[in-house]
Number of protein chains: 2
Amino acid sequence: MNKNSILRLSRYRNALNRLKNAGLVKIFSDYLADAVGVTSSQVRKDFSLFGIAGNKRGGYKIDALLEKLNTILGKNVVQPVVLVGAGNIGSALIKYKGFEKEGIRIVAAFDSEPAKIRPAAKVPILPVAELAAYVKANSIKIAIISVPESVAQQVFDTLRAAGISGFLNFAPLRLRSDNNCVVNNVNLELELENVIYFVNVFEKSGIGIGLDKD
Amino acid sequence: MNKNSILRLSRYRNALNRLKNAGLVKIFSDYLADAVGVTSSQVRKDFSLFGIAGNKRGGYKIDALLEKLNTILGKNVVQPVVLVGAGNIGSALIKYKGFEKEGIRIVAAFDSEPAKIRPAAKVPILPVAELAAYVKANSIKIAIISVPESVAQQVFDTLRAAGISGFLNFAPLRLRSDNNCVVNNVNLELELENVIYFVNVFEKSGIGIGLDKD
DNA sequence: TAGATTGTTAATCGATTAACAATC
DNA sequence: TAGATTGTTAATCGATTAACAATC
């Protein structure tokens, strides 16, 4: 029930959708494990953790399994999300097709720069002044933060006060927070720095560095 | 010497830069731990892992410490990086200021769409056909992959063959690879899905869900 | 039934934390 | 010196993996 097991559930779901499209109806933990790159023990452990049962002899029925995973992961309803900060990254995320495909909809974006306001756009870009009211009026629970580092904490606090409890944060800093919310940080500099480190070590030593999983 | 300890080194470095700007000259592991949000044991353990020594009574000298961290993390030279896929996300990354600030320079971008080619731009956007030659000619080791899922594996293989050994991958799939390279995946759908899960659990149970660290 | 797979418990592994001797 | 901090070893913790009884 930790973050890793949830991420794996998403991966199982992705793999199962592909396998279903390929015509499979049932699957053994062993094969699903191969498809995702984990052990069969891991698959069965994860499933049992979420009360997902298979058939002792016939493995798991893909349809039923997908249904369970969709329910657990909230895939049966479209998840409304707001985005704050319509800069480079924010604008790209607004246009990004990958979210809609996964049932995640950015319903509105907010920016402090008057030049960026476009209330009539397909995804309306509104003044940050309207943020709290919008979030409350529409009971939004999830936000993407793509503002500059300097204002990220303030934006976070505003969102928190407006009732947001789940965050995807692109600002490269650790947000100070109470613990009744969840914050996933996407720190691009850090990720690249990490890649650079391992490549440099590799260049010097010639030792295999392995494929990162996450 | 695992991925986590390297990521923490980056965080120590960020914190130390701030503390240095605030006027500090020396620091105890205990205080640095507070600044980064880890235990002092963790700080000392990480440092000892990389052969960084302090003074038994006086803690660590910030300047010397930063120098060591910069060397380990490759911060003393500008790191050239190529980007493949100048779509929404790719274009945003090209314009993103955060990389240059951290000594990471996107020296060229590549796209398969003729309309996107701009060889004269500050960050030139070139045809993918020129990719392998450019990478080899300039001894580039790091690449950002921001192409659609459907062509990501093929782009990856091309980059791999051209000599790239470090990847930041935005395509939402697991790249098949030998293990003489390092791939950090940024899967935005997965990260948001994860946030959504925890928020839904929280909404139902009312139990605190905690602040994710990573 | 015999054989194979699940579900779960126990063992292992790795990373984090605590403790404390060395030492400045 | 006395007191406090480092560096490192041992203990703890949590997650992954192996093993196997239950069972279809």
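In chain A, the axes of helix α1 (residues 3-21) and helix α2 (residues 29-36) come within 10 Å and cross at roughly 105°. That angle makes α1(A) roughly perpendicular to α2(A). Keep in mind, as you look around, that this is a predicted model.

Where do α1(A) and α2(A) touch? From α1(A) come Arg11(A), Tyr12(A), Ala15(A), Leu16(A) and Leu19(A), and they meet Leu32(A), Ala35(A) and Val36(A) of α2(A). By class, this contact of α1(A) with α2(A) holds seven nonpolar residues, no polar ones and one charged residue.

### Across to the other chain

Helix α1(A) also packs against a helix of chain B, namely α9 (residues 188-205), at an angle of about 120° and with the axes 10 Å apart. With that angle, α1(A) is oblique to α9(B), and the crossing is right-handed. On the α1(A) side, the contact is made by Lys3(A), Ile6(A), Leu7(A), Ser10(A), Arg11(A), Arg13(A) and Asn14(A). Facing them from α9(B) are Leu190(B), Glu191(B), Glu193(B), Asn194(B), Tyr197(B) and Phe198(B). This contact of α1(A) with α9(B) has five nonpolar, three polar and five charged residues.

Now turn to α9 of chain A (residues 188-205), whose axis comes within 10 Å of that of α1 of chain B (residues 3-21), crossing at roughly 120°. The pair α9(A) and α1(B) is therefore oblique, with a right-handed crossing. Here Leu190(A), Glu191(A), Glu193(A), Asn194(A), Tyr197(A) and Phe198(A) of α9(A) meet α1(B) residues, including Lys3(B), Ile6(B) and Arg11(B). By class, the contact of α9(A) with α1(B) counts five nonpolar, three polar and five charged residues.

| Helix pair | Crossing angle | Axes |
|---|---|---|
| α1(A) and α2(A) | roughly 105° | within 10 Å |
| α1(A) and α9(B) | about 120° | 10 Å apart |
| α9(A) and α1(B) | roughly 120° | within 10 Å |

### How the two chains are related

The same surface serves both copies, as 100% of the contact residues of chain A recur in chain B.

### The domains of chain A

Chain A is divided into domain 1 (3-72) and domain 2 (79-190). The C-alpha centres of these two domains of chain A lie 32 Å apart.

Methods
Residues are numbered from 1 along each chain as its sequence is written. Chains are lettered from A and ligands numbered from 1 in the order in which they are written. This is a predicted model: local features need pLDDT of at least 70, side-chain atom pairs count only at pLDDT 80 or more; totals for chains, interfaces and linings use all residues. Side-chain values use heavy atoms; hydrogens and water are left out. Contact means heavy atoms within 4.5 Å. Axes are lines fitted to C-alpha atoms, for helices over the stretch in contact, and angles run from 0 to 180 degrees between N-to-C directions. Helices (H or I, at least four residues) and strands (E, at least two) are DSSP runs, numbered from the N terminus. Angles under 35 degrees count as roughly parallel, over 145 as roughly antiparallel, 65 to 115 as roughly perpendicular and the rest as oblique. A crossing is left-handed if the near helix is turned anticlockwise from the far one by less than a right angle, and right-handed if clockwise. Ala, Val, Leu, Ile, Met, Phe, Trp, Tyr, Cys and Pro count as nonpolar, Asp, Glu, Lys and Arg as charged, and the others, Gly among them, as polar. Domain bounds come from an automatic or database domain assignment.
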